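Subject: Structure handover

Hello,

Please find the structure below, with notes on what was found in it.

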Amino acid sequence: MKLVLWIIIAIGITAIFDARQISTKYFPSKDINLIVKVMKAMGFLVCIISGFFLCIM
């Protein structure tokens, strides 16, 4: 279970650092800045929640 949480944290960190590249690749170019902000926020929340569960175990 801990390995799964570490993988989820790694995915969250990747979403934070590569948000602009991912958004330009998969989404239309209208609201790239909004999509980047949302992806960074979601990545941050995923990391925090996964880290919390990892500390509990």
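**Cysteines**

A search of the whole structure finds zero disulfides, a disulfide being a pair of cysteine sulfur atoms within 2.5 Å. In general terms, a disulfide is a covalent bond between the sulfur atoms of two cysteines. Cysteine 47 is in no disulfide, and the nearest cysteine sulfur, that of cysteine 55, is 13 Å away. That distance is too far for a bond. Cysteine 47 is buried, at a relative accessible area of 15%, whereas cysteine 55 is exposed, at 70%. Here buried means under 20% relative accessible area, exposed means over 50%, and partly exposed is in between (1.4 Å probe, protein chains only).

**Basis of the values**

This is a predicted model, in which local features need pLDDT of at least 70 and side-chain atom pairs count only at pLDDT 80 or more, while totals for chains, interfaces and linings use all residues. Residues are numbered from 1 along each chain as its sequence is written, and side-chain values use heavy atoms, with hydrogens and water left out.

**H1 against H3**

Helix H1 covers residues 2–17 and helix H3 residues 32–56; their axes come within 8 Å and cross at roughly 160°. H1 is therefore roughly antiparallel to H3. The crossing of H1 past H3 is left-handed.

The terms are as follows. Helices (H or I, at least four residues) and strands (E, at least two) are DSSP runs, numbered from the N terminus. Axes are lines fitted to C-alpha atoms, for helices over the stretch in contact, and angles run from 0 to 180 degrees between N-to-C directions. Angles under 35 degrees count as roughly parallel, over 145 as roughly antiparallel, 65 to 115 as roughly perpendicular and the rest as oblique. A crossing is left-handed if the near helix is turned anticlockwise from the far one by less than a right angle, and right-handed if clockwise.

On the H1 side, the residues that meet H3 include Leu5, Trp6, Ile9 and Ile13. Among their partners in H3 are Phe44, Cys47 and Leu54. The residues of this contact divide into 13 nonpolar, four polar and two charged. Ala, Val, Leu, Ile, Met, Phe, Trp, Tyr, Cys and Pro count as nonpolar, Asp, Glu, Lys and Arg as charged, and the others, Gly among them, as polar.

**H2 against H3**

The axes of helix H2 (residues 19–26) and H3 come within 9 Å and cross at roughly 130°, so the two helices are oblique to each other. H2 passes H3 in a right-handed crossing. Ala19, Arg20, Ile22, Ser23 and Thr24 of H2 make the contact with Ile32, Asn33, Ile35, Val36, Met39 and Lys40 of H3. By class, this contact has six nonpolar, three polar and two charged residues.

The contacts below (heavy atoms within 4.5 Å) leave out residues up to four places away in sequence.

- Serine 23, in H2, is buried at 0% relative accessibility. Serine 23 touches Ile32, Ile35, Val36 and Met39.
- Valine 36, in H3, is buried at 5% and touches Ala19, Arg20 and Ser23. The C-alpha atoms of valine 36 and aspartate 18, 18 residues apart along the chain, are separated by 9.0 Å.
- Arginine 20, in H2, is partly exposed at 44% and is in contact with Ile32, Asn33 and Val36. Its C-alpha atom is 19 Å from that of isoleucine 9, 11 residues away along the chain.

Regards
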